[in-house]
Amino acid sequence: MKAIQSNANAVPDGWYYSRFKDFAVLQRGKDLTDSNVTPGKYPVVKSNGVDIYHNEYFVEPPGVVTGRSGTIGNAFFVETQFWAHNTSLYVKNFKGNDPKFIYYLIKRMDFRRYFAGTTVPTLNRNDIHALKVSIPATQTEQKAIAGILSKVDEAIEAVEKSIKAAERLKKSLMQNLLTGKLKPDGTWRSEDEFYVDEKFGKVPKGWAFSRFKDFAVLQRGKDLTDNNVIAGPYPVVKSNGVQIYHHAYFVEPPGVVTGRSGTIGKAFFITEKFWAHNTTLYVKDFKGNCEKYIYYLILRMDFRQYYAGTTVPTLNRNDIHRLKIAIPKTFEEQECIVKMIDDSDNLLIQKRDKIQTLKTLKKSLMQHLLTGKVRVDVEKINKLLEEV
């Protein structure tokens with residue numbers, strides 16, 4: 001096959017330009033109802049991925065699968081024998097091309113124009129077959145490009161796993177620090193360092209134990225319709241967060257806000273002057289306690305029992321005020337606990353920033369490498385990948 005120069009597409013030297021079907025042939029998967037599945041080790045790849053395993057397969061690896069019906073736009077690279085479901089299209093013939101490169105080529109494609117406006121998105125393989133694409137003429141260059149993208153994918157997967165671990169760590173820290181099980185110095189409280197309240201349970205000795213209102217007083221926010229907003233620098237904190245800014249404020253920072261109506265369960269720590277909206281409750285008086293500690297305390301609370309079954313969830317501040325809680329007596333201990341939780345939170349933020357950087361990098365690489373706009377040193381890249 002010779003590289004064809006198109007008016008619309010400048011084909012890089014050493015690349016082929018033709019219809020997709022000349023580089024890979026797609027085939028519709030086979031139907032398999034859940035009732036006909038016999039549990040086994042072979043993944044059944046549907047348009048939205050794998051959620052069941054069968055005792056039979058009909059596609060040998062490596063496999064490339066994309067959604068045909070229902071969920072469109074996903075692409076999966078399968079490294080084991082598998083069953084391609086009727087809701088998917090799989091590559092039946094790679095025509096001598098690198099399977100991983102074909103996977104990334106499909107992953108970059110936008111199929112929305114083929115099912116826009118339909119109730120159930122459906123993709124016809126012929127629409128993909130007819131698409132004009134360009135690919136490297138040699139498998140070595142294809143492998144080099146796919147190898148680079150694979151390494152970025154591996155890095156993304158590793159960071160995603162570490163984010164989940166960091167989220168579990170933060171949740172565990174909040175659970176154990178805010179109940180006094182874990183001390184700020186990282187040691188665990190022994191059983192004899194607690195006393196038991198009949199209704200509340202374990203209370204750390206040396207902590208204050210009373211109703212929430214004795215440690216912080218909540219106040220309902222003030223109404224402000226969107227029509228009455230005058231653009232300015234001060235955030236208007238609603239039950240679902242900040243979307244608008246006003247020219248006036250009435251709460252000094254630091255502020256702690258939680259949803260009162262509509263969206264319940266979120267909490268916000270505000271470090272600037274702000275307007276607390278009528279859909280929220282804000283802390284009017286911290287009673288000398290660490291503001292960030294009260295924020296984490298509210299963030300951990302479960303208010304569902306107070307609005308279960310209601311059409312529009314609404315929270316009464318008195319329900320929170322009467323809750324029995326235990327908190328460290330000293331501001332210093334509260335601050336130490338806050339620092340430990342903040343540190344885990346900052347770690348999470350760094351990891352989330354890293355994942356966004358990697359995803360941006362991958363998008364850029366796919367745009368440039370899969371179109372030949374940026375060429376790679378094939379020999380050097382493949383040698384590097386082998387070493388890795």
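This is a predicted model: local features need pLDDT of at least 70, side-chain atom pairs count only at pLDDT 80 or more; totals for chains, interfaces and linings use all residues.
Student: What makes up the secondary structure of the protein chain?

Tutor: The protein chain has seven helices and 20 strands.

Student: Why is the protein chain called more spread out than a compact globule?

Tutor: The globule rule gives 21 Å for 388 residues. The radius of gyration of the protein chain is 29 Å, well over that value, so the chain is more spread out than a compact globule. Along its principal axes, the C-alpha trace spans about 80 × 55 × 50 Å.

Student: What share of the contacts joins residues at least 24 apart?

Tutor: Taking contacts between residues at least 6 apart in sequence, 65% join residues at least 24 apart.

Student: How far apart are the mean positions of the positive and negative charges?

Tutor: They are 5 Å apart, for 58 positive and 43 negative charges.

Student: What makes helix 4 mostly covered?

Tutor: Helix 4 covers residues 291-300, and seven of its ten residues are buried. The buried ones are Lys-292, Tyr-293, Ile-294, Tyr-295, Tyr-296, Leu-297 and Ile-298.

Student: Why is Leu-149 called buried?

Tutor: Leu-149 has a relative accessible area of 0%, and the cut-off is under 20%, so the residue is buried. Leu-149 is found in helix 3, residues 139-177.

Student: What does Leu-149 touch beyond residues up to four places away in sequence?

Tutor: The partners of Leu-149 are Tyr-104, Lys-362, Leu-365, Met-366 and Leu-370. To count as a contact, heavy atoms must be within 4.5 Å. Tyr-104 is 45 residues from Leu-149 in sequence, and their C-alpha atoms are 8.1 Å apart.

Student: Which kind of peptide bond runs from Pro-61 to Pro-62, and what is its omega?

Tutor: The bond is cis, with omega near -5°. Pro-62 sits in the loop between strand 4 (49-54) and strand 5 (63-67), and Pro-61 is found in that loop between strand 4 and strand 5 as well.

Student: What makes Pro-61 partly exposed?

Tutor: Its relative accessible area is 31%, between the 20% and 50% cut-offs, so Pro-61 is partly exposed. Leaving aside residues up to four places away in sequence, Pro-61 touches Val-78, Glu-79, Thr-80 and Gln-81. Gln-81 is 20 residues from Pro-61 along the chain, with 5.4 Å between their C-alpha atoms.

Student: What is the omega of the bond that joins Pro-253 and Pro-254?

Tutor: Omega is about -5°, and the peptide bond is cis. Pro-254 lies in the loop between strand 15 (241-246) and strand 16 (255-259).

Student: What is the phi of Lys-95, and where is this residue found?

Tutor: Phi of Lys-95 is near 55°, which is a positive value in a residue other than glycine. Lys-95 is placed in the loop between strand 8 (88-93) and helix 1 (99-108). With a relative accessible area of 43%, between 20% and 50%, Lys-95 is therefore partly exposed.

Student: What is the phi of Lys-287, and why is this residue called partly exposed?

Tutor: Lys-287 has a phi near 55°, a positive value in a residue other than glycine. Its relative accessible area is 43%, between 20% and 50%, so Lys-287 is partly exposed. Lys-287 is found in the loop between strand 19 (280-285) and helix 4.

Definitions and conventions:
Residues are numbered from 1 along each chain as its sequence is written. Side-chain values use heavy atoms; hydrogens and water are left out. Helices (H or I, at least four residues) and strands (E, at least two) are DSSP runs, numbered from the N terminus. The radius of gyration is taken over C-alpha atoms; the globule rule is 2.2 Å times the number of residues to the power 0.38. Lys and Arg count as positive and Asp and Glu as negative; His and the chain ends are not counted. The place of a charge is taken as NZ of Lys, CZ of Arg, CG of Asp or CD of Glu. Buried means under 20% relative accessible area, exposed over 50%, partly exposed in between (1.4 Å probe, protein chains only).
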